[in-house]
Structures are given as structure tokens and as C-alpha cells.
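Please keep the sequence and the model in view while reading.

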Amino acid sequence: MKKALHEAYAVCPPGLEALCAAEIRGLGARAVKAERGGVSFRCTTRQLYATNLWSRLATRVVVRAAQFEATTFGGLEAAVRNEVDLDRWLGGRAPRLRVSSTRSALYHTEAIAERLRGLWGDPGENVAEGGDRRSFFGEPDRDDESDPSLGGAPLVIVRVVANRFTVSVDCSGEPLYKRGWRQEVAKAPVRENLAAALLMAVGWRADQPLVDPFCGSGTIPIEAALLALGRPPGFLRGFAFFEWPMFEPGTWASVIGQAAEAERDPEGLLIVGSDRDAGAVEAATANAARAEVADVVTFEERPVSSLQPPDGSGRPGWVITNPPYGTRIEHGGDLRNLYARFGSVTRDRLPGWSVAMLVADRRLAAHSGLSLHEVVKFSNGGIDVELLATHA
Ligand SMILES: C[S@@+](CC[C@H](N)C(=O)[O-])C[C@H]1O[C@@H](n2cnc3c(N)ncnc32)[C@H](O)[C@@H]1O
């Protein structure tokens, strides 16, 4: 039997499209193309499940359900009635809608949503999230929560460009960076998919020691441990496609089974996070336990000024970190001093190590005195940031 192929799209943080495309190509998808704010690709059902489970960078994955043209509300309703059948995905459940429209006769997104609700049903206080969007599948920075008041209603995304409607169904449910293990956060946590992006962008390898001296809730060390173990980032969570009438439990079981077999031995991994804040270290430790990497990652309460090479690191490794950004910190005076201290400590105590840091202000980073170049730029929850590194 010929395998069903899906036209899929992975939304990712702007700036990470090329890395995300490489990741999706590695999962076996075809026609993979990096676009603005995401990656389009064609895949089998198995690969669709695997992409949701394995993508460390994507925010969500959607599949295209229909395309048609309409310039009037009557034309829209007729096209949806005659050409769009969402039953395979929704099984009659009323979806929440995200509608965007550009250069089209039908431009009022709430009015479009209202007509569609008339045909597909209304899950409750459904608000069409319309308007002027930076990327098709919604502003990634607004892609935060599935609205709990809607009781997990499936998400359908309608995009209108030059009178052409594209209807897509969400496969992921909660954004994919919500892995399930980070239930405690310290100040200014970096999203899990961005932490993974730092590691992947600099090409960190599991045989290299890794230190994060500003570890906060432990996101970078925990993502590193999952990456090193070859454990899928989504192993603790569920996905919207579980609810589809066309869901294939056997295919899913096989994807999960293969992942369990692929897990690597933790032998030789050296991953350490530290933070001066006791609460942050406590949160990081609890998060690591939930992620089932407590044996693989060590967390310590210490200020960056007392940074040491981790025990057993006979070889140089990577410092990969996300220092505080902003203008002031509470106790330590000016941030410039903190960056200067960070630079001198890494040079003196970790000679030969590579350093990568996620920063919002390049001038601040320059106070470290490290010779840094740009690896990648992207947006972290609405703030433009860049990853700078000494080597890559
Ligand atoms: C931007 S946050 C890191 C967030 C972290 N990547 C996460 O995902 O939770 C910066 C962290 O640096 C810590 N910090 C600030 N000054 C410090 C210092 N002098 N030494 C060690 N840690 C410090 C703060 O407690 C905070 O947790």
C-alpha cells in the first residue's frame, strides 16, 4: 500500500530556520525547505510523529488540510462545505481558530473566523487571533499557551494570501518547547528549544565537558543531557495527533520503541550547571529529576567568581551559558563587572575551553574581553538575542 504523505510545516523561532531544516531532514522528511519562521516538508505519518517527538528546535508542527480560493463570504462557505473535510483530524470536534489575511478581498479575520465557526462549530470563547503576523502560523512569541479554557480544543490555522486560503491542522498541541520536565523556573529562563539551539549551533559534542555557570533553572545542562543521551525531547509529553481519528497507535508505538532502543550510555558525560542563587539550583535539580537526567547532570550553588573546572575534566570543553541581561542586577552592581569577571575567570581557570553565550547586548558581552564572533541571531520571547562564541 502506498504510504500517506503529509504536507507539513514546522514553526520555529525566526533565525533558527536553517538549523531546524537540517534537523527535520535528518528525520527523513522530503522536500525540506527553510522559510521565514519555519520549515516546510513532506513526510509519512511515521515521520510526522517522529518530528513531533524528536524536534528539539520546532515550536509546533502543522499539516496542510486544504487549499482553495475565495473572494466573498458566500464563496468561502461554499468552498469549505464542498472542498474541506477536517473529519480525519477533528472527528467532529469544534476547533479553535487562528486566522491571518494579507492582500485579500476577505481581510477581516474575525469575520472569517465567525463564518468558519458556523461550519465547524465553536469550542467556547473562541477568539480568532488575526491580523498582521510576522509569520504564517502565528507570531512565535505569542505561541505560548494553549488556552486552558478551551479544554484542549484542536487548533486549526487559516491563512489567506492573495485570496488563496490554506487550512492547516496543528499536530503538536502545547508548544513543543514545553517538554514536560520544567515545572520550576528561576528568573528569565531560556526556552527549552532555544537552549537546544545553542548546543546544536556551536556543534557541542557529548564527549566534551560542558559547564553553564549561570544555569538558572538548568535548561541548558538538561537539554544537553537529553541531546547527549539521544533521548527525544518529547518523551514525557503527549501530542494533539493522539486525538485524531486517523491516529495510528501501532505506528506511534514503533516510533517510541525505536527511540528507547536508540538511547546511548551516559558513561563519560560531564555536564555541570551552577548558579549563585540557591532557589535556582533547587529548581534545576528538581527539573533534572523530572527529565530523568539527575544521574547525568550536576548542579552546584556557586557564584561565577568561584568557577572551577569540573572534577574529572581532564580535557577542555565548552562553557555554554545565558548570563543575566538587562541593565542592573540586584546584588552585584553593574552587569559590565559581571561580564568582565566571567571573562577573566573562564580565561584563567578554564584555559583552552571554548565559550558560547546568549546575549541581548553585544557591547555588554565585549566587557568579557573574550574574542567572540556571532554564531546565530534569533528572538527569545520577543527579545532579539544573539549567540556569540569564541570558537565554532
Ligand atoms: C538569564 S538567567 C539564566 C537562565 C537559565 N538559562 C534558565 O533557563 O533558567 C541568569 C542567571 O544568572 C544567575 N546569576 C546572576 N549573577 C550571578 C553570579 N554572579 N554568579 C552566578 N550566577 C549568577 C541568576 O541567578 C540567574 O539564574
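Which residues does the domain assignment of the protein give to domain 1, and which to domain 2? Domain 1 is given as 5-170 and domain 2 as 192-231 + 265-389, with bounds that come from an automatic or database domain assignment. The model is predicted, so that local features need pLDDT of at least 70 and side-chain atom pairs count only at pLDDT 80 or more, while totals for chains, interfaces and linings use all residues. Residues are numbered from 1 along each chain as its sequence is written, and side-chain values use heavy atoms, with hydrogens and water left out.

**Between the domains**

The area buried between domain 1 and domain 2 is about 1,100 Å², with 62% of it from carbon and sulfur atoms; buried area here is the accessible area (1.4 Å probe) that two parts lose on being put together, summed over both. Across this interface 2 residue pairs are in polar contact, both at pLDDT 80 or more, where a polar contact is a pair of N or O atoms within 3.5 Å; within protein, one must be able to donate a hydrogen and the other to accept it, and residues adjacent in sequence count only if both atoms are side-chain atoms. The count of salt bridges between domain 1 and domain 2 is 0, a salt bridge being a side-chain nitrogen of Lys or Arg within 4 Å of a carboxyl oxygen of Asp or Glu.

**Around the ligand**

Of the 21 residues around the ligand (a heavy atom within 4 Å), those that come nearest are V190, S217, T219, D275 and V304.

| Residue | Ligand atom | Distance |
|---|---|---|
| V190 | oxygen | 3.0 Å |
| R276 | nitrogen | 3.3 Å |
| V304 | nitrogen | 2.9 Å |
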